[in-house]
Amino acid sequence: IPLMGTLLGLPVVALIWVLYNKMGSDVALLVVGLHSLMFTFLGKDDRQSPYNIVAVGGFVTFVMLYFWTQLELTLLHAYVIPVGLGILVLLQLFRGRIDVDTRNRIRMVTLVGMLASAGYYALLRDDHPLAFNLTLIVLCLVSMGLGSFLRIRLYLLLGFAALLVDVASIIIKVVRVADQTTQRAAIGALLLVIGIGLVGGAIYYKTRRDQINDIIDRWRRKLGAWE
């Protein structure tokens, strides 16, 4: 207990000392980064070591402090996404101590918060450029990639759903700024493509129903084995 208390108290005392003496953000980043590396080394042999909690928290604090002091970012998702990633990393490290339902609930709340914070600027705010839509696309692709790598259906489904919404938002923004003739042509072309896709999909399904059902069953069994 004295050893653990001393180790855990070191970064707190060091940060208080830096803030009290007004040493600046560079020294604070150095203190947080070095202590995070130290606790990462202490917990490297045991993924469920309490040191890893402090290490992940330190890295999240480092990123948020860098965004705030160096880049001067005032965007909500610049701070929600690092915190969410830290929670998901800790959840993956300590998954053996948490039951499946609790893990999925935590994942749901965390991932929805991350996607919502990025989607607020990309989907609901018209005064921001399309770069925010690209940020949401990257977040969705990362979520889908982690879902495939870790075999977690929730990451895959939420990432794919948010990706479709984001792509639809980009199309709407592009059509909105165009002139009336272009808007009508774009809407007509979109309806035509949707109609062709529905008719062609129905014909293809009727002609190859057994093969498509086999593929669907294989994917259903595969995803059913995922968490």
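Student: Is Ser169 buried or exposed?

Tutor: Ser169 counts as buried because its relative accessibility is 10%; buried means under 20% relative accessible area, exposed over 50%, partly exposed in between (1.4 Å probe, protein chains only). This is a predicted model, where local features need pLDDT of at least 70, side-chain atom pairs count only at pLDDT 80 or more, and totals for chains, interfaces and linings use all residues. Residues are numbered from 1 along each chain as its sequence is written, and side-chain values use heavy atoms, with hydrogens and water left out.

Student: Where does Ser169 sit, and what does Ser169 touch?

Tutor: Ser169 is in helix H7 (helices are DSSP runs of H or I, at least four residues, numbered from the N terminus). Leaving aside residues up to four places away in sequence, Ser169 touches Ala122, Leu123 and Asn133, with contact meaning heavy atoms within 4.5 Å.

Student: OK, on to H6. Which residues are buried there?

Tutor: Among them are Phe132, Asn133, Leu136 and Cys140. The buried residues of H6 fall within an arc of 165° seen down its axis, so they line one face of the helix; the arc is that of the directions from the helix axis to the C-beta atoms.

Student: What does that face pack against?

Tutor: The buried residues of H6 pack against helices H4 (77-93), H5 (100-124) and H7 (153-176).

Student: And which residues are exposed on the other side of H6?

Tutor: Leu134, Val138 and Phe149.

Student: What comes after H6?

Tutor: Arg151 follows, with a positive phi near 60°.

Terms used
Helices (H or I, at least four residues) and strands (E, at least two) are DSSP runs, numbered from the N terminus.
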